[in-house]
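Dear colleague,

Please find below the structure that I am handing over to you.

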Amino acid sequence: MRLQNKIALVTGAARGIGHGIAVCFAQEGAKVGVLDLHESACQKVVDEILAAGGQAIALGADVTDEQSVNRAVSRLKERFGSINVLVNNAAVMPSGRIHEVHPDDFDRCIAVNLRGAYLCNRAVIPDMLAMRQGSIIHMASVTGIRGLPGIAAYSATKGALIALTRAMSTDYARLGIRVNSVSPGTIDSPMLHDFLAEQSRPEYLRQQFDAMHPIGRVGTIEEVASVFVFLASDEASFVTGSNYEVDGGLASKGEQPQD
Ligand SMILES: NC(=O)c1ccc[n+]([C@@H]2O[C@H](COP(=O)([O-])OP(=O)(O)OC[C@H]3O[C@@H](n4cnc5c(N)ncnc54)[C@H](O)[C@@H]3O)[C@@H](O)[C@H]2O)c1
């Protein structure tokens, strides 16, 4: 019960890693706002949490829409109280080199991944300041640290989130709000499965993903969620402005030796 007395909002929580974070938070005693585009999908996650004895509320909302975000935050507050943990996890990943990305897809990527985090931060920080207590965690990515092919727009937003984390941590450090980011490597998740399904040689590519990580495999959702539990908890009381690389060593990897 490392998150007892925490009220947490997790965006993009209907599936994948966000779902895993919401479930782990509830297992650790947090009351969780499960936010995603469709309320019915959020409700399925809430039902899973309730069945396991946890507490949660489904919040159908679009993080790119200010009113929608504010409504979701108000509903969570009315149900459980002021939010003291925010996980900005919702994201989209248009593929292609930068000249191949359609301007509409580029704008959507910035709107969800970066502006969405901004709007959620803006909605919860006043209460965190009033309580002088809060933990904000941005879901970044190894692609925000090192170049990986074919996902430039997405990578740009993840680099921006790491910079946003550092800037925000200095603004709020003395006011009780900690701000950190987590940069996973490739994670065995629906996003990965969707990406592989679009490729011509998915099995070969999956092996390449495993081999690319120094640890020899991609990560699991639980391996990412456990770092979020730590950063949300009071165990991380001296941790702010950090970017946690949960990537099997990928961000630190040097050049591959040539055979
Ligand atoms: N899967 C990976 O290998 C991997 C690696 C590094 C980082 N990440 C990051 O982890 C996070 C979760 O990734 P995932 O693999 O679970 O992705 P996913 O696509 O399975 O989940 C993303 C969720 O965000 C939601 N979402 C999208 N737009 C939204 C909006 N406008 N408003 C509200 N919700 C919205 C989607 O409906 C979906 O449920 C993302 O930030 C992603 O960039 C994933």
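In this account, contact means heavy atoms within 4.5 Å. Helices (H or I, at least four residues) and strands (E, at least two) are DSSP runs, numbered from the N terminus. This is a predicted model, in which local features need pLDDT of at least 70 and side-chain atom pairs count only at pLDDT 80 or more, while totals for chains, interfaces and linings use all residues. Residues are numbered from 1 along each chain as its sequence is written, and side-chain values use heavy atoms, with hydrogens and water left out.

I begin with helix 5. Its 21 residues, 152-172, reach 30 Å from the first C-alpha to the last, close to the 30 Å expected (1.5 Å times one less than the number of residues). Among the buried residues of helix 5 are A153, Y154, L161, I162, M168 and Y172; buried means under 20% relative accessible area, exposed over 50%, and partly exposed in between, with a 1.4 Å probe and protein chains only. The cover over the buried residues of helix 5 includes helix 4 (103-131), strand 5 (134-139), strand 6 (177-184) and strand 7 (243-246).

S169 counts as buried because its relative accessibility is 7%. Leaving aside residues up to four places away in sequence, S169 touches V179, T240 and G241. The C-alpha atoms of S169 and V239 are separated by 9.7 Å, although the two residues lie 70 residues apart along the chain.

Next comes strand 6. In a regular strand the side chains alternate between the two faces of the sheet. Both faces of strand 6 are covered: I177, V179, S181 and S183 are buried on one side, and R178, N180, V182 and P184 on the other. Strand 6 pairs with strand 5 in the parallel sense over six bridges; two strands pair if DSSP finds at least two bridges between them. S181 of strand 6 is the bridge partner of H138. From strand 5 the chain crosses through helix 5 to strand 6, and this β-α-β crossover is right-handed, that is, with the strands pointing away from the viewer, the path from the first strand over the helix to the second runs clockwise. Strand 6 is also joined to strand 7 by four bridges, and these two strands run parallel. In strand 7, N243 stands opposite S181.

Helix 8 (residues 221-232) has buried residues that include I221, V224, F228 and L231. These buried residues pack against helix 1 (16-27), strand 4 (85-88), strand 5, strand 6 and strand 7.

Finally, I turn to the open and closed spaces. On a 1 Å grid over the protein atoms alone, a cavity is a set of points where a 1.4 Å probe fits but cannot get out, and a pocket is an open set with protein on both sides within 12 Å along at least five of seven lines; lining residues have an atom within 4 Å of a point. The largest pocket holds about 1,400 Å³ of space; grid points are joined across faces, edges and corners, and a volume is the space filled by probe spheres set on the points. Of the 48 residues that line the largest pocket, M93, Y154, S189, M191 and L192 lie nearest its centre. Helix 6 supplies the largest share of this lining, five residues. The whole structure has one cavity of 30 Å³ or more. Helix 4 gives the largest share of the lining of the largest cavity, five residues.

With kind regards
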